[in-house]
Amino acid sequence: MKEFNINSLVRKNILELQPYVSFRDNNEFENPVLLDANESPFGELSRYPDSTQKKLKQKISEVKNISANEIAVGNGSDELIDLIIKVFCEPKKDSVLMMNPSFAMYGFYASINENKVIKLDLNADFEIVKDDFLKIVKDFKSKVFFLCSPNNPTGNSVKDIEFYIKNFNGIVVVDEAYIEFSGKKSCIELLEKYPNLIILQTFSKAWGMAGARVGIAYSSEEIIRLINTVKAPYNVNSLSSNKVIELIDKQENLKQNIESILNEISWLENEFQSVNCIKKVYPTDANFFLIEFEDVEKVYDKLLEKEILTSKRSPQIPNCIRINVGTREENIQLIQVLKSI
């Protein structure tokens, strides 16, 4: 990577933008009379949430051993993906690079922002070919590179991920939504080494809080400040924020849930061996499987008929369905239907 200058990558209008600052949230008061925000004085949720999410960031900071100033909180990781593109990518000019196949929202938000989406095709094992990566980086000079590891929908982790971070002359976003299931180290430990790096994590998967919509970005103070500049003032509601704080204090539950899911993965892997309609089960570091079937339409329709909802990835990934791990009862239902085909 060339000498890094964050300002050379940020959109000019964003550099000039003044963030919305809540006077209340940026000052300390002992017993304030709140007449500043046109709120109702009545009701359990009558007050706006803390726009700076101080308590939540402090909790996350303690768990991740990282400064609270290097943390941004979003209304799910989706919002953070959108904000990162808005900060760095000039509409109708800059491009975003993503693996193919990978999480569709990277391309979705880039398209909304009128940025070209460059797709780096993975090989037959869903891995990046380094020579292909170096060529596409040179040819297109994309501004942001989204690396999903473990990757959705393929389930595998990106090998030698540091190679891609140091050989990309722009912002590298490593999306670690499924990192807790993988047994792999987080790239958070690389933040001091690479100033162009942003890590995304979420409370939606291993933490079991998809309904709360809380995503986290970790990066340098400079990049976090830019993300906070463009975010909506009260983007994470009080209920979600308080629930996540409560959950962080009960990490034993998280460990138990992850262990249960990993046990179900092992159980399912064993059961899949005796399912005749399965052609191939791809290795997974996540809480889901990508499975190739002999007759994908027949399998998908049969599962749907029994109200078992799965994610058909064909035709993008021929003959494949992505199936996430459920409870033992749900997994038994899945296996019973598959064995009947």
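Student: Which helix is K166 found in?

Tutor: In this predicted model, K166 is found in helix α7, which covers residues 161-166.

Student: Is K166 buried, partly exposed or exposed?

Tutor: To read that, you look at the relative accessible area: under 20% is buried, over 50% is exposed, and anything in between is partly exposed. K166 comes out at 38%, so the label is partly exposed.

Student: How far apart are K166 and K193 in sequence and in space?

Tutor: Along the chain, 27 residues separate K166 and K193. In space, their C-alpha atoms are 9.5 Å apart.

Student: Now the inside. Where do nonpolar side chains tend to be in soluble globular proteins?

Tutor: They tend to be buried together. Here, the largest nonpolar core has 109 residues, and F88, F133 and L147 have the most contacts inside it. Helix α4, residues 76-88, gives the most to this core: seven residues.

Student: What does the UniProt annotation say about K205?

Tutor: The unreviewed UniProt entry annotates K205 as a modified residue, "N6-(pyridoxal phosphate)lysine". That comes from the record, and annotations of this kind may be inferred rather than shown by experiment. In the model, K205 lies in the loop between β6 (197-202) and β7 (215-218).

Student: How do I read empty space in a structure?

Tutor: Rolling a probe the size of a water molecule over the atoms shows where empty space is left. In this case, the largest pocket holds about 690 Å³ of space. Of its 24 lining residues, D25, Y48, P49, D50 and K55 are the closest to the centre. Two elements give two or more residues to that lining, α3 (54-64) and α9 (238-248), and α9 gives the most, with five.

Student: How many residues of each class are in the lining of the largest pocket?

Tutor: Ten are nonpolar, six are polar and eight are charged.

Student: And how many cavities of 30 Å³ or more does a search of the whole structure find?

Tutor: The search finds two. The largest cavity has a volume of about 90 Å³, and its lining includes I60, W207 and I248. Helix α3 gives the most to that lining, with three residues. By class, the lining of the largest cavity has seven nonpolar, two polar and two charged residues.

Student: Which residues line the second largest cavity?

Tutor: They are A206, W207, L247, K250, N253, L254 and N257. The volume of the second largest cavity is about 40 Å³. Helix α10, residues 251-272, supplies the largest share of the lining, three residues.

Student: Which residues does the "coiled-coil region" annotation cover?

Tutor: In the unreviewed UniProt entry, that annotation covers residues 244-271. Compare the record with the model: over residues 244-271 the chain is 93% helix and 0% strand.

Technical notes. Residues numbered from 1 in each chain as written. Predicted model: local features only at pLDDT ≥ 70, side-chain atom pairs only at ≥ 80, totals over all residues. Heavy atoms only, no water. Core = buried A, V, L, I, M, F, W, Y, C linked by side-chain atoms within 4.5 Å. Buried < 20%, exposed > 50% of the residue type's maximum accessible area, 1.4 Å probe, protein only. Helix = DSSP H or I, 4+ residues; strand = E, 2+ residues; numbered from the N terminus. 1 Å grid on protein atoms, 1.4 Å probe; cavity = no way out; pocket = protein on both sides within 12 Å on 5 of 7 lines; lining within 4 Å. Points joined across faces, edges and corners; volume = space filled by probe spheres on them. Nonpolar A, V, L, I, M, F, W, Y, C, P; charged D, E, K, R; others polar.
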